[in-house]
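Each label below is set against its cut-off. Read the value, then the rule, then the conclusion.

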Amino acid sequence: GCPADTSSIGQVNVAPQTVSGTLNASKSVCYGVGHDTIRLKGRVGKVLTWLQSTNNGGTWIPIVNQSDSLIYNGLTQTTWYTAVVQSGYCDIDTTNAVAITVFAKTQVDAGPGSTITLGQSVTLAGTGNGTPLWTPSSWLSDPAIFNPIATPEITTTYTLFVTDAKNCVNSDTVTITVLKLKYDGKITNLFTPNDDGINDTWYLEDIQKFPDSEVIVYNIYGQEVFSKKGYTNDWKGTYNGDDLPDGTYFYVLRFDNSDTVLKGSLDILRNK
């Protein structure tokens, strides 16, 4: 008879049965800001993809991700997540679905903007559901109420933050535009600095309302004898601590961030 023969070796690989594993528990987050990581544990097999649904599982959209974790952030609507797992050629299995519930957006309105003149006040018209806080707090009567009185010295954008019962925060902004006063005060063109308590300093009406003002005084030869930023009606006609001689001088008054320049003459008379 013929000799016996043996075939080549055939191997059958038996994959373990697919086990989808479990996802960590569902949770709730604040509108637009919640973020966290969903983790898959206990799987047997390879993660094929993740799926998400925004209509309670009615339809699912694939997410390109084959890892054991999925990061979500900035959700604005409740979203469901699940992972798809397969071991070898075994049946595909899908994990439990977890829902990330998004709380409704905290209601907040900082109110309409307004324009005021420097020195005026306006009541902010903030509204919302929760606890308010305005920033910056500068020039506000109370930053922890919805309707503080604002008296800003410069154009300011205020942000109203409202924290609701679920500790979620939303914000809105409002800008208060501040117009600088136009200087129209009377400027004394003569003063008598003789320490008699009458007309002893050079007086510019309402100049204290213009801290950004600058005055410069020249003698008849064009030499600067006095200058001050934010003048406060306190010049007694001196230069380097000495009395200037009686006579006529010339002044220039100007303001920061303004093209307004006022010029004129003034007389110093000490013996009057």
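Predicted model: local features only at pLDDT ≥ 70, side-chain atom pairs only at ≥ 80, totals over all residues.

Q: How many helices and strands make up the secondary structure of the protein?
A: There are 0 helices and 24 strands. Helices (H or I, at least four residues) and strands (E, at least two) are DSSP runs, numbered from the N terminus.

Q: How does the radius of gyration of the protein stand against that of a compact globule?
A: The protein has 39 Å, whereas a compact globule of 272 residues would have a value near 19 Å. The rule is 2.2 Å times the number of residues to the power 0.38, and the radius is taken over C-alpha atoms. Along the principal axes, the C-alpha atoms fill a box of roughly 150 × 50 × 25 Å.

Q: Why is Thr-37 called buried?
A: Its relative accessible area is 17%. Buried means under 20%, exposed over 50%, and partly exposed in between (1.4 Å probe, protein chains only). Therefore Thr-37 counts as buried. Thr-37 sits in strand β3 (residues 35–41). Leaving aside neighbours within four places in sequence, Thr-37 is in contact (heavy atoms within 4.5 Å) with Asn-24, Ser-69, Leu-70, Ile-71 and Tyr-72. Of the 272 residues of the protein, 33% count as buried.

Q: What makes Gly-222 exposed?
A: Gly-222 has 51% relative accessibility, so it counts as exposed. Gly-222 lies in the loop between β19 (213–218) and β20 (224–229).

Q: Why do β18 and β20 count as edge strands?
A: The open sheet has 5 strands in the order β18-β24-β23-β19-β20, with mixed pairing. β18 (190–191) and β20 each have a single partner strand, so one side of each is left without a neighbour in the sheet.

Q: What makes β18 and β24 a pair?
A: Two strands pair if DSSP finds at least two bridges between them. β18 and β24 (residues 261–268) have 2 bridges, in the parallel sense. The bridge partner of Phe-191 in β24 is Ile-268.

Q: How are β14 and β16 joined?
A: β14 and β16 (residues 156–163) run antiparallel, joined by 5 bridges. Thr-131 has Thr-163 as its bridge partner in β16.

Q: Which side chains of β14 are buried?
A: In β14 (residues 131–135), Pro-132 and Trp-134 point to one face and are buried.

Q: What is the omega of the peptide bond that joins Thr-135 and Pro-136?
A: Omega is about -5°, and the bond is cis. Most peptide bonds are trans. Pro-136 lies in the loop between β14 and β15 (149–150).

Q: Why are Asn-199 and Asn-240 classed as they are for accessibility?
A: Asn-199 has 33% relative accessibility, so it counts as partly exposed. Asn-240 has 66%, so it counts as exposed. Phi is about 55° in Asn-199 and near 55° in Asn-240. Most residues other than glycine have a negative phi.

Technical notes: Residues numbered from 1 in each chain as written. Heavy atoms only, no water.
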